[in-house]
Amino acid sequence: MEASWRAAFGCAYKNSFDTARAVTAVNTLLGSWGQKGGALLTGSPYKNSFDTARAVTAVNTLLGSWGQKGGALLTGSPKAGDIADERFAAPPKPEAKRIGDKEYGAVSSSGSNIAALEAALDGRIKGLFFYNSNAAKGYAQPKVWAEAFEKLDLMVAIDVQMSETAMQADYVLPECTYLERMEAPDYIGGKKQFVALRAQALDRVHPDTLPCDEIFTGLAQACGVGQYFDFTVEDLARAEMDTLGVSFDELKEKGIVDVTSKKFEYGVPAFKTPTEKYQFTSEKAGAAGLNPVIGYVERLVMPQGDELHFIGGKQAIHSHTMTQNIEALNAISREYNLERVWMSSKDAADRGIADGDLVEVASSEHTGQVRCKVTERLKPGVLYLPTHYGGSSPYQSRAYEYGISMTEFVPFHGGEPGVGSTMSQEVAVTVKKVEA
């Protein structure tokens with residue numbers, strides 16, 4: 001249940017699957033996996049992201065860096081043991097197949113929001129529940145999501161604020177913030193292993209809000225399957241800690257406890273493949289209609305004429321679109337003009353644009369105006385925009401209409417072949433100065 005609360009994914013281009021495959025191979029050759037300043041696995045926004053990731057793993061293999069000091073480490077995470085208490089027995093698995101498993105067979109566990117979107121558009125899905133997820137603004141092409149929402153018989157949003165998704169929902173179930181609730185234990189892997197617990201720090205501010213575990217338990221009861229959730233999150237945490245020999249009260253007090261069972265040793269790991277060795281071909285990728293061998297995949301969208309690649313990214317002070325309305329963080333954004341679009345000095349000079357000018361950004365889907373930051377930190381041919389801004393919910397008064405939203409500019413390409421990522425950076429735009 002906890003895993004479903006925290007599931008997150010995002011790949012933005014048609015070639016994201018193969019790009020990711022290549023990136024993994026390069027990091028492997030460079031021995032940067034898991035190292036300070038090295039490679040971390042994140043989302044994939046292009047049509048070729050999957051092969052980029054595969055390539056990074058292959059490069060690490062060719063350089064022999066797997067499991068080596070200074071190289072790429074596969075350490076795993078600790079986990080709770082079997083719990084004898086029948087209250088925590090796993091419910092039977094549903095007979096129906098999960099949406100997207102057939103279309104995007106290379107995805108093993110996380111699913112795909114694009115698969116859900118496509119199923120809502122063609123009527124295979126009649127209801128959607130969103131938890132802590134702002135699809136209406138944070139996912140690529142909000143207009144298509146809005147079209148899908150209109151076709152649903154039921155749409156429910158569970159959130160701590162009136163997001164753009166909550167505004168379009170039939171029902172909003174208000175959750176309390178993370179400071180007002182206890183969460184299930186978090187298991188942290190590495191050379192040492194830990195279990196962490198985020199305990200309640202504040203009394204609940206709004207009495208009509210509930211923690212997410214109570215909301216899900218109530219929904220289960222209303223649906224006639226409440227017998228599978230006849231426990232609290234604290235009951236679950238205590239039972240899991242008993243299997244590890246860890247005092248729940250100590251964990252609650254300290255927040256994190258070392259549960260390392262044996263000393264870490266460097267060495268070539270066993271891979272989760274039929275041979276337990278690294279394999280340069282993937283039968284699963286082939287079965288999903290992709291090249292079983294790592295290969296070159298072109299980007300889906302290439303700029304033409306004076307167009308630029310449009311890319312987005314996060315800023316350290318924000319988390320997606322969830323934090324843009326927080327008073328202190330929004331004040332930092334405004335003080336430092338963090339909503340601006342970034343353009344290389346060369347591209348700006350070619351278009352007669354100076355730092356701080358108001359510019360118009362346009363794609364096939366949308367046009368918007370924002371101030372421009374001219375910089376040497378961006379290569380020519382690319383336009384960068386932070387992805388936190390451009391809010392359209394008037395309930396979020398600080399974020400409302402502050403900056404522009406990159407997702408508005410992205411065409412709907414469907415899901416990345418075999419993977420189902422959104423390919424949310426497969427977009428080209430034009431930029432011109434707005435004359436006073």
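**Entry 1: Glu 240**

I began with Glu 240, which counts as buried because its relative accessibility is 15%, and buried means under 20%. The model I am reading is a predicted one. Glu 240 is found in helix H9.

I then asked which residues Glu 240 is in contact with, leaving aside its neighbours within four places in sequence. They are Ala 80, Ile 83, Pro 185 and Tyr 187. With Tyr 187 there is a polar contact of 2.6 Å between the two side chains.

**Entry 2: Thr 243**

I moved along the helix to Thr 243, which also lies in H9. Is Thr 243 buried or partly exposed? Thr 243 counts as partly exposed, because its relative accessibility is 30%.

A polar atom of the Thr 243 side chain lies 2.6 Å from the backbone oxygen of Glu 240. The side chain of Thr 243 also reaches the backbone nitrogen of Gly 81, at 2.9 Å.

**Entry 3: helix H9**

Next I took the helix as a whole. H9 covers residues 233–244, twelve residues in total. From its first C-alpha to its last, H9 reaches 17 Å, close to the 16 Å expected at 1.5 Å a residue.

Which residues of H9 are buried? I noted Val 233, Leu 236, Ala 237, Ala 239, Glu 240 and Met 241. For the spacing I kept one rule in mind: an α-helix has 3.6 residues a turn, so residues three or four places apart point the same way.

The buried residues of H9 pack against strands S4 and S5, helix H8 (212–222) and helix H10 (248–254). Just after H9 comes Gly 245, with a positive phi of about 70 degrees.

**Entry 4: the sheet with S4 and S5**

Two of those packing partners are strands, and I looked up their sheet. It is an open sheet of three strands in the order S4-S5-S6, and the pairing is antiparallel. Strand S4 (186–188) and strand S6 (256–258) are the edge strands, each pairing on one side only. Neighbouring strands are turned by 20 degrees against each other on average, direction ignored.

Strand S5 spans residues 194–196 and pairs with S6 over three bridges, in the antiparallel sense. Val 195 stands opposite Val 257 in S6.

**Entry 5: the parallel sheet**

I found an open sheet of three strands with parallel pairing, in the order S1-S2-S3. Strand S1 (127–131) and strand S3 (171–174) stand at its edges; each has a single partner strand, so one side of each is left without a neighbour in the sheet. The twist averages 15 degrees from one strand to the next.

Strand S2, residues 154–159, pairs with S3 in the parallel sense over four bridges. Opposite Ala 157 stands Val 172 in S3.

**Entry 6: nonpolar cores**

Which residues of the largest nonpolar core touch the most other members? This core has 21 residues, and the answer is Leu 128, Phe 130, Phe 149 and Leu 152. Helix H4 (113–121), S1, helix H5 (135–138), helix H6 (142–151) and S2 each give two or more residues to this core. The largest share, six residues, comes from H4.

Phe 130 touches Ala 135, Trp 145, Phe 149, Met 155, Val 156, Ala 157, Ile 158 and Thr 165. A second, separate core has 20 residues, including Leu 308, Val 341, Ala 348 and Ile 353.

**Entry 7: strand S7**

How many of the six residues in S7 are buried? Six of its six residues are, and S7 is mostly covered.

S7 runs antiparallel to strand S12 (residues 428–433), and two bridges join them. Leu 308 has Val 429 as its bridge partner in S12. With strand S11 (residues 382–386), S7 runs parallel and is joined by five bridges. There, Gly 312 stands opposite Leu 385 in S11.

Key: Residues numbered from 1 in each chain as written. Predicted model: local features only at pLDDT ≥ 70, side-chain atom pairs only at ≥ 80, totals over all residues. Heavy atoms only, no water. Pairing = 2+ DSSP bridges. Axes fitted to C-alpha atoms, helices over the stretch in contact; angles between N-to-C directions. Buried < 20%, exposed > 50% of the residue type's maximum accessible area, 1.4 Å probe, protein only. Core = buried A, V, L, I, M, F, W, Y, C linked by side-chain atoms within 4.5 Å. Contact = heavy atoms within 4.5 Å. Expected span 1.5 Å × (residues − 1). Polar contact = N/O pair within 3.5 Å; in protein donor to acceptor, adjacent residues only side chain to side chain.
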